[in-house]
Number of protein chains: 2
Amino acid sequence: MSFNKEQAVKIAESICKNDDERSLISSFVEVCSFLSEYPAELSWRTSKLSPVKPDAKTEDGLKLLASRYFEAYRRSDFPVAPSTVPDEMVSLIMEKAYGYSPAECQKIKLEHQHAMCAENCVGNLLERYLDSKLRQSDWSWCCGEFVKAIDFLGRNKNNEWVALQIKNRDNSENSSSSAIRDGTRIQKWFRSFSKDTRKGRPSFTNWENLPSLMKSYNLNENDFKKFVAKYIENEKINL
Amino acid sequence: MSFNKEQAVKIAESICKNDDERSLISSFVEVCSFLSEYPAELSWRTSKLSPVKPDAKTEDGLKLLASRYFEAYRRSDFPVAPSTVPDEMVSLIMEKAYGYSPAECQKIKLEHQHAMCAENCVGNLLERYLDSKLRQSDWSWCCGEFVKAIDFLGRNKNNEWVALQIKNRDNSENSSSSAIRDGTRIQKWFRSFSKDTRKGRPSFTNWENLPSLMKSYNLNENDFKKFVAKYIENEKINL
């Protein structure tokens, strides 16, 4: 059996709820096409309730993939409320080491949790920003995190796959996989530097080093900031 | 060749600088004895400068191990100054999502970094506290992190090894290894709960569930707090 593009489109159409979601269908189909060629690149945890890994060459497989893809797209990346209880020992250390008062430590405890929640969503917002600028292009967003170590898929002039892994910072943990099976390398790009070590570097961001095939879309830090501000404000209204 | 206990003691003695360090020698020797029985449990990264993994059955091996062990003991666990540059996008998200003012975000940025530094040292301080209470006991601290997934080694009534892995929180990442080769299980204990889910739990700490062989040393949260306060104050003076 081979990959059925029309079937993939149909299944995605039946799931999409609005024009915005429908504009993602071609990306979804590209991702499925890639997985039908490289099934080993699927990242999928099975469970008792869903014991089967989806096969992009079957109708059932495409249904599972479409549902995961669009559910992930709909999930909000507004920073969630902290769910963990702060460790009181951290406050004690802050007091003794940095001289904060107990009252300051109480305040910092909550703010620190908010900062962690905010940090946790930057990476997802970065993917959403790139998708928002690339959706009309040949790049396809691997939404739903079911392609191993790949966030965006494109094709070069020879119509060969180009895979891109995105990280928010140079010190973010990398997934171990760094080559697709036939030797196609996964290109990596990170948005920001965590250390101020390179002299003469114009900024702490790395937009000028985007992979060549992503360079012509005017992706930049200022534009990302605007996107984030707008996204958070919209989500806040819809909370 | 078999493990030479007298040699291990001598090598450690030649490295120790004071009585406090000398009181760790018997722990060091126990750790080496364990590694001579289970060499595969050694966790050691080789490099160009030091390409050889130490063998606890040789003099050179013991020298390497002793140097790593006591150097780690001497290293301060005072929270270091932040070395990373904060991501400005986090401040923007804090502003938009939680309504902090730009000035508050600037302040939170530094405090958040201090909180992360403080967090990072709690685990090490916990090991130091346990060692301080157990040094005169049959438990031996695996200082220097060169025993895979094991922080303390003891022996049961049959003189068999008992291995303990310590974590500060129930959500700390666990090392993958969870059994020594011959089937001896590594016992695990964590100090604090990160979530408030168990009703009727007397506290967010877990001292009452210490492994049985560690129960008779009056280890408790209040005592740990006192240890941390004293440790940080001492280190601050010596900075």
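Reader: In what order do the four strands of the open sheet in chain B run?
Author: The order is 1-2-3-4, with mixed pairing. Strands are DSSP runs of E, at least two residues, numbered from the N terminus. Two strands pair if DSSP finds at least two bridges between them. Ground rules: this is a predicted model, where local features need pLDDT of at least 70, side-chain atom pairs count only at pLDDT 80 or more, and totals for chains, interfaces and linings use all residues. Residues are numbered from 1 along each chain as its sequence is written, chains are lettered from A and ligands numbered from 1 in the order written, and side-chain values use heavy atoms, without hydrogens and water.

Reader: Which strands stand at the edges?
Author: Strand 1 (140–141) and strand 4 (186–192) of chain B. Each has a single partner strand, so one side of each lacks a neighbour in the sheet.

Reader: How does strand 1 of chain B pair with strand 2, parallel or antiparallel?
Author: Antiparallel, over two bridges; strand 2 of chain B covers residues 152–155. W141(B) has F152(B) as its bridge partner there.

Reader: Switching topic. Is E221(B) buried or exposed?
Author: Buried (under 20% relative accessible area, 1.4 Å probe, protein chains only). Its value is 14%.

Reader: What does the side chain of E221(B) make a polar contact with?
Author: The side chain of R191(B), at 2.7 Å. A polar contact is a pair of N or O atoms within 3.5 Å; within protein, one must be able to donate a hydrogen and the other to accept it, and residues adjacent in sequence count only if both atoms are side-chain atoms.

Note on methods. Buried means under 20% relative accessible area, exposed over 50%, partly exposed in between (1.4 Å probe, protein chains only).
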